[in-house]
Amino acid sequence: MSPVFTALMIPFLGTALGSAFVFFMKKEMPALVQKVLLGFASGVMVAASVWSLLIPSMEMGQGTGAVIPPTVGLLAGFAFLLLIDYITPHIHASGEAEGPRSSLSRTAKLALAVTIHNFPEGMAVGVAIAGALSSANFNMAGALALALGIAIQNVPEGAIISMPLRAAGNSRWKAFAIGALSGIVEPIGGALVLFLATSILGIMPYMLAFAAGAMLYVVVEELVPEYSQGRHSNIGTIGFALGFALMMVLDVVLG
C-alpha cells in the first residue's frame, strides 16, 4: 500500500472507528465526555493548522513578501467555510440548526454538518502530501503525522455525530453508516486538492494556508462554542491542551 493512499485514508478510518462507538455506548453521550472530546479535537486541529500548514506556508516564501500567501490563503479558507455554512442547511452536534430553511430531515442535516467538518481536514492532508512530493521543505512522514493527528481527532467527532443520530431514533447500523460514510469526503477532498496543488506551480503556499483557515474556522465556529457552553467548560479546555500537545509532539517527532 502506497504512503500516499495510506495518508489519504487514515482520517476516514478515524471517523469510522469513532462512529462505531454507537455499538458500545448508550443512546446519549455524557456531557462531560462530549466536552473533553470536542476540546481534544479543537486542540489537534489548531496545532495541525499552525505546525503542519501555516509555518510551512511561510517558510516557502522569502523576505517580507513571505507573509502574503499565508495571509491570503488563511482568509480565503475562512471565507470559503463561511460561505458553505451560510448556504448549507445543517445541524451542529449540539442540536442547533443553522443555514437556510430546508425540508431536509434532521439526519440529513447532521450528515451535512459532518461533511462541512471533514472536507477541510481532507484538504489539509492533500496539500501536505503534495508538499512532500514537490518540495524539499516537506516529507511524507510529516504528511502521515498530520493524517494521524486528524484521524485521532476524527474518532471523537465520529462518536459525537453517530450518538445523536442513534438518540434521534435511528438504528445503530444506520447511525454508524452515516457517521462513517460522512468521512469519505476526506480522501476524496484530499485527492482533488493533491491533484490541483501538484498541477499548478506556485499555488502550494496558498493551498496550505487555505486548508489551515478552513480548519480553524471549524474550530472557532463549531467546536469551541459547543464545549464552552454550560457547566464544566474547563473540561473542554483541558481536552484542548491535551490535543494540542499531542499533535505538536507528532509533528515534531514524525515531521
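Author: The axes used here are lines fitted to C-alpha atoms, for helices over the stretch in contact, and angles run from 0 to 180 degrees between N-to-C directions. The model is predicted. In it, helix 2 (residues 31-59) packs against helix 8 (residues 204-228) at an angle of about 160°, and their axes are 9 Å apart. Angles over 145 degrees count as roughly antiparallel, and therefore helix 2 is roughly antiparallel to helix 8. Their crossing is left-handed. The residues of this contact comprise 20 nonpolar, five polar and two charged.

The nonpolar residues lead on to the core. The largest nonpolar core has 48 residues, of which Leu-53, Ile-129 and Leu-146 touch the most other members. Two or more residues come from each of helix 1 (3-19), helix 2, helix 4 (106-134), helix 5 (140-167), helix 7 (185-199) and helix 8. Helix 8 provides the largest share, 15 residues. Leu-53 itself, when neighbours within four places in sequence are left aside, is in contact with Ala-48, Ala-124, Val-127, Leu-146, Leu-208, Ala-211, Ala-212 and Met-215. Another core, of ten residues, lies apart from the largest one and includes Ala-16, Val-22, Ile-161 and Ala-180.

Notes: Residues numbered from 1 in each chain as written. Predicted model: local features only at pLDDT ≥ 70, side-chain atom pairs only at ≥ 80, totals over all residues. Heavy atoms only, no water. Helix = DSSP H or I, 4+ residues; strand = E, 2+ residues; numbered from the N terminus. Parallel < 35°, antiparallel > 145°, perpendicular 65-115°, else oblique. Left-handed = near helix turned anticlockwise from the far one by under 90°. Nonpolar A, V, L, I, M, F, W, Y, C, P; charged D, E, K, R; others polar. Core = buried A, V, L, I, M, F, W, Y, C linked by side-chain atoms within 4.5 Å. Buried < 20%, exposed > 50% of the residue type's maximum accessible area, 1.4 Å probe, protein only. Contact = heavy atoms within 4.5 Å.
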